[in-house]
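Subject: Structure for your review

Dear colleague,

Please find below the structure that I am handing over to you. I would be grateful if you kept it open while reading the notes that come after it.

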Amino acid sequence: MMAAAHRHKLAEAVTALEERAKLLEASPAGTEPNVEPATLRLRAAQLALDASDPARATRLLARVALALPGLADDLIDVAR
């Protein structure tokens, strides 16, 4: 991910973060909720905005809002 970001390939970095979030969601979880997928999507949304892709950022932030209610509401408004 870092190499992709360094080469200004932000879209690739966003994809890498999304894929990692999906892998974490698919793996067996313990008894405690895992906020890491939401955190990865939050970072991916930031990179999507940096890459001038507000639609993708909004989709990512909507997923964050499902996992962490109230956190992404203002960010979704900004992304639009």
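This is a predicted model: local features need pLDDT of at least 70, side-chain atom pairs count only at pLDDT 80 or more; totals for chains, interfaces and linings use all residues.

Salt bridges

A search of the whole structure finds three salt bridges.

One of them joins Glu 18 and Arg 56, whose closest N and O atoms lie 2.5 Å apart. This pair connects distant parts of the chain, for Glu 18 belongs to helix 2 and Arg 56 to helix 4, which covers residues 54-67. The two residues are 38 residues apart. Arg 56 has a relative accessible area of 14% and is therefore buried, since buried means under 20%.

Another salt bridge is formed by the side chains of Arg 41 and Glu 25, with an N to O distance of 2.9 Å. Here too distant parts of the chain are linked: Arg 41 sits in helix 3 and Glu 25 in helix 2, 16 residues apart. Is Arg 41 buried or exposed? Its relative accessibility is 4%, so Arg 41 counts as buried.

Glu 25 also forms a salt bridge with Arg 63, and in this pair the closest N and O atoms are 3.2 Å apart. Glu 25 in helix 2 and Arg 63 in helix 4 are 38 residues apart, so this pair, too, links distant parts of the chain. Glu 25 has a relative accessible area of 43%, which lies between the cut-offs of 20% and 50%, and therefore Glu 25 is partly exposed. Arg 63, at 38% relative accessibility, likewise counts as partly exposed.

Which residues are linked in a network of salt bridges? They are Glu 25, Arg 41 and Arg 63.

A loop residue

Asn 34 is found in the loop between helix 2 (10-26) and helix 3 (36-50). Its relative accessible area is 44%, so Asn 34 is partly exposed. Asn 34 and Leu 24 are 10 residues apart along the chain, and their C-alpha atoms are separated by 8.4 Å.

With kind regards

Methods: Residues are numbered from 1 along each chain as its sequence is written. Side-chain values use heavy atoms; hydrogens and water are left out. Helices (H or I, at least four residues) and strands (E, at least two) are DSSP runs, numbered from the N terminus. Buried means under 20% relative accessible area, exposed over 50%, partly exposed in between (1.4 Å probe, protein chains only). A salt bridge is a side-chain nitrogen of Lys or Arg within 4 Å of a carboxyl oxygen of Asp or Glu.
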